[in-house]
Structures are given as structure tokens and as C-alpha cells.
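Open the structure in your viewer and keep the sequence panel beside it. This tour tells you what to select at each stop and what is there.

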Amino acid sequence: MKVYGVQRSGTNWMRFVIEQNFVSTHVVDLPLGSKHAAPDPVTAIEAFRDGGGERYEGGPLPFQPSELDYDVDELEASLRRGDARAVVVIKSLVPWLASYHRYRRLKAKNQQMELTPKVVEIYTNLWIERNSAFVLGVPEHFPRWLLADHAAFLSDFDAQMEHMASTLELVGAHPTWVNTDKAMKRGGDLVSSDDLETTRPFRPETQTVESASELLTPETLQTVTDLVEATDLPPILAPFAAIDPTLLDGE
């Protein structure tokens, strides 16, 4: 299994959910390429086999690829057979903008970093480019794949898990679906999903349009709207990029 998504879209949480809920299902990260980059798992496997692996956060890997216990030949064979599965996690554009900005602001240790129209333009283009690459590229490599609506999982977790199991033909590991109310650590191949939960509570209220509107002014949201309308967005992404017109009026 491979999970793709833009940063702050819930990829670590999705990995936790998948591995905790389905029998013999493991989310592979580096051997199939970066979860945040355009899908190219065949090339990634070749690089991994050669000992190069993938770059990590713009720098060298903090470990040797040989430290990861993967049957690379079987991973490659699974891709070629069409047996590999993938999930693309999508967080709607407006809540994602606020979430990503909080992340960037925290990472920069600058609590005063403003969400200006120019910054919003950069962020919006990132969301459009990465998610377009996912929904267009994933089906080429993973015939069995699922577009996971982050908000839908938050509002009706059980129904979305049933849909995932049916779509990807996965077998549940427990009588009921397992979720968490904790925030996630940064995941990776060396971190077990059993160790992904932090002691901090997950705050679903920060994932809403209402929460995002506290940071995004009507002017910056108009910038977002203009960018989306000027883009040849894949139709499957259109609902996630839609903006409530009342937000543009400041109501």
C-alpha cells in the first residue's frame, strides 16, 4: 500500500488507520518514492535497489536503505501485476491553507508570519500542482486506488472505512474500526504505526472552514478563487477547491 498527499493532509494519520485496521496491510514509504511527490514508484524502486533510496526533507537519508526490511523484488512485481494499492488523501483547499500556514509558521518559529496574498498564491499553487499530480499519476501505477476525503473521514469515519475496505478489497482486522483521538508523529519506514500516536490530542476544530476563515481574509480568498478558476483543474478535485461565496463577501 502507498499513501500520497500534500503535507498537512493527514498522510501519517491515514497510514496509522490503514495499518491498524486491515489484515496484512503495510504502508510503504521510501521504497516507492516520496509520499509528497508526483508518483513514480518504478523509478523509486530502481533507485532504492541501487542503494540511493529517496532524498529526505531535501537532504540525505538519516539511515541506509539496507536498514529497511523490504523485499524490493516483490514490491516491483506487485506494481507490475497491478496488485499494489494506493490512497490519495485530500484536504479541502481552504482548511488546508490554514493548516499548512500554521505548520510553516511553527517550522519557521515566527508566530508573526502573515498569510499575505503572495504567500497564499504560493500555497495554493502547491496544493493544485501536487494534488493534480496525485490524481492523474496514481491511476497509472495503481489500478486499485482510493481518493480519501479528509473531511469525510472526520465526519463519518466508519462509513469511509467501509468504503475503503470495499474499494481496495481489504480485510478488516477487528470487529469495529479503530481510530485515534491523538495527533500523529512524523512517520516513516523506521517508525512503526504502533508508535505514531503522540500524547497531544487531535483537534478536529482546526480542520474546518470556520477555523480557516479566521486566518484567511476575503481578499486572500479571492486570490485563491482567481488561481483556481485560471487552472485546468482535474474535475475530481473541483469539489475540494470550491470556496463558499459568502467567505469572499466577508460574511
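In which loop does Ser-24 lie? Select Ser-24: it lies in the loop between helix 1 and helix 2 (41-49). Helices here are DSSP runs of H or I with at least four residues, strands are runs of E with at least two, and both are numbered from the N terminus.

Before going on, note how to read this model. It is predicted, so local features need pLDDT of at least 70 and side-chain atom pairs count only at pLDDT 80 or more, while totals for chains, interfaces and linings use all residues. Residues are numbered from 1 along each chain as its sequence is written, and side-chain values use heavy atoms, with hydrogens and water left out.

**Stop 1**

Ser-24 counts as exposed because its relative accessibility is 77%. Exposed means over 50% relative accessible area, buried means under 20%, and partly exposed is in between, with a 1.4 Å probe and protein chains only. Ser-24 and Val-171 are 147 residues apart along the chain, yet their C-alpha atoms are separated by 8.6 Å.

Next select Glu-169, in the loop between helix 7 (157-168) and strand 4 (182-184). Glu-169 also is not a glycine and has a positive phi, of about 55°. Is Glu-169 buried or exposed? At 53% relative accessibility, Glu-169 counts as exposed.

**Stop 1: the whole chain**

Zoom out and colour by secondary structure. The protein chain has 11 helices and 5 strands. Its radius of gyration is 18 Å, close to the 18 Å that the globule rule gives for 251 residues, so the chain is as compact as a globular protein of that length. The radius is taken over C-alpha atoms, and the globule rule is 2.2 Å times the number of residues to the power 0.38. Along the principal axes, the C-alpha atoms fill a box of roughly 55 × 40 × 35 Å.

Of the 251 residues, 48% count as buried.

A contact means heavy atoms within 4.5 Å. Among contacts with a separation of 6 or more, residues 24 or more positions apart account for 73%.

**Stop 2: Tyr-100**

Select Tyr-100 in helix 4 (residues 93-107). Tyr-100 is buried, with a relative accessible area of 8%. Which residues does Tyr-100 touch, not counting residues up to four places away in sequence? They are Gln-7, Arg-8, Tyr-123 and Leu-126. Tyr-100 and Gln-7 are 93 residues apart in sequence and 7.3 Å apart in space, C-alpha to C-alpha.

**Stop 4**

Select Arg-15 in helix 1. Arg-15 counts as buried, at 7% relative accessibility. Leaving aside neighbours within four places in sequence, its contacts include His-26, Val-27, Gly-187 and Gly-188. The C-alpha atoms of Arg-15 and His-26 are separated by 8.2 Å.

Arg-15 also lines the largest cavity, together with residues including Lys-2, Thr-11, Val-27, Gly-187 and Asp-189. On a 1 Å grid over the protein atoms alone, a cavity is a set of points where a 1.4 Å probe fits but cannot get out; a pocket is an open set with protein on both sides within 12 Å along at least five of seven lines; lining residues have an atom within 4 Å of a point.

The largest cavity has a volume of about 100 Å³. A volume is the space filled by probe spheres set on the points, which are joined across faces, edges and corners. Helix 1 gives the largest share of the lining, 3 residues. By class, the lining has 3 nonpolar, 4 polar and 5 charged residues. Ala, Val, Leu, Ile, Met, Phe, Trp, Tyr, Cys and Pro count as nonpolar, Asp, Glu, Lys and Arg as charged, and the others, Gly among them, as polar.

**Stop 3: the second largest pocket**

Finish at the second largest pocket, with a volume of about 300 Å³. Of its 16 lining residues, select the closest to its centre: Met-1, His-26, Leu-75, Ser-78 and Ala-84. Helix 3 (residues 72-81) supplies the largest share of this lining, 4 residues.
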